[in-house]
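Please keep the sequence and the model in view while reading.

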Amino acid sequence: MHLSLDPSLLIILIVFGFLASFIDSVVGGGGLISLPALLFTGMNPAGAVATNKLASTMGSLTSTFMYYRSGKLDFKSVFKLFPLTFFGSMFGAWTCHLINPEVLKPLMLVMLAAVAIYTIFKKDWGSISAPKKLSIRHFIIFMVAIFAIGFYDGFLGPGTGSFLIFSFLLIGFDFLKAAGNAKFLNFGSNIAGLLMFSFLGQVNYTYGLIMGGAQLAGAVCGSKFAIKRGSGYVRAMFIAVTVLLLAKNVYDYFI
């Protein structure tokens, strides 16, 4: 795929790529910014989603490194979960090639609403990190949920970071460690989706690498900012981005 590169489009890719990654590195939801920017360049929806995977892979890998270096990534706990988001996303991307992803939008809206409401009313939730020891039954349920989120990321995508963070909050992590763990797994779902979309010939590497370069910088700044401000800041931003993501998708779906 080749599209002509205009200077104004270059600025759009860089600015919105940076902003998307800054937000995504903290609470997820960066696709709310980066995907419309790619669509604005004139790309078709499938190409925009595929190209966004390339940029997001670069951003999520950088965020993962930043959280790991600061001790906010529980690598031992999440390493075994990596294959679940990886293969879930690859399967989701392949399914997206066969089925219209709009079929999942109503479920996504309900889930986002539940995440936002639950987090708003659980005021002290995620302030301290005290991971729970899960029973075998609950661990299996958790693994199924992580696989399903990976599938969702490959199939549709918006809100993946929020759903991953919410999953780790449910088992006792604070907001910062939940964000760090989520970025690692989100990297797995991003790179798997990228591999599948590359195989299907949907990725615009020029746009993807330009936006990805901006996302590298955004991920560094966003991760540092979150780590410096702490879990309280991440909680407030998590609620704000989840509500905005819900509002935008409700508008798109009904209007």
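At what angle do helix 3 and helix 9 pack, and how far apart are their axes? In this predicted model, helix 3 covers residues 45-69 and helix 9 covers residues 175-199. The angle between the two is about 145 degrees, and their axes lie 8 Å apart. The crossing of helix 3 past helix 9 is left-handed.

From helix 3, the residues taking part include Val-49, Leu-54, Leu-61 and Tyr-67. Helix 9 contributes, among others, Leu-176, Phe-184, Phe-187, Ile-191 and Phe-197. Sorted by class, this contact of helix 3 with helix 9 holds 12 nonpolar, 9 polar and 2 charged residues.

Helix 3 can also be followed from end to end. At its start, a side-chain oxygen of Asn-44 comes to within 2.6 Å of the backbone nitrogen of Gly-47. With 25 residues at 1.5 Å a residue, helix 3 should span 36 Å, and the C-alpha atoms at its ends are 36 Å apart, so the two values agree. Just after helix 3, Gly-71 has a positive phi of about 80 degrees.

A second pair lies further along the chain. Helix 10, residues 205-229, packs with helix 11, residues 231-254, at an angle of about 120 degrees. Their axes are 6 Å apart. Helix 10 and helix 11 are therefore oblique to each other, since angles from 65 to 115 degrees count as roughly perpendicular and those over 145 as roughly antiparallel. Phe-225, Ala-226 and Arg-229 of helix 10 meet Ser-231, Tyr-233 and Val-234 of helix 11. By class, that contact has 4 nonpolar, 1 polar and 1 charged residues.

Definitions and conventions
Residues are numbered from 1 along each chain as its sequence is written. This is a predicted model: local features need pLDDT of at least 70, side-chain atom pairs count only at pLDDT 80 or more; totals for chains, interfaces and linings use all residues. Side-chain values use heavy atoms; hydrogens and water are left out. Axes are lines fitted to C-alpha atoms, for helices over the stretch in contact, and angles run from 0 to 180 degrees between N-to-C directions. Helices (H or I, at least four residues) and strands (E, at least two) are DSSP runs, numbered from the N terminus. A crossing is left-handed if the near helix is turned anticlockwise from the far one by less than a right angle, and right-handed if clockwise. Contact means heavy atoms within 4.5 Å. Ala, Val, Leu, Ile, Met, Phe, Trp, Tyr, Cys and Pro count as nonpolar, Asp, Glu, Lys and Arg as charged, and the others, Gly among them, as polar. Angles under 35 degrees count as roughly parallel, over 145 as roughly antiparallel, 65 to 115 as roughly perpendicular and the rest as oblique. The expected span of a helix is 1.5 Å times one less than its number of residues. A polar contact is a pair of N or O atoms within 3.5 Å; within protein, one must be able to donate a hydrogen and the other to accept it, and residues adjacent in sequence count only if both atoms are side-chain atoms.
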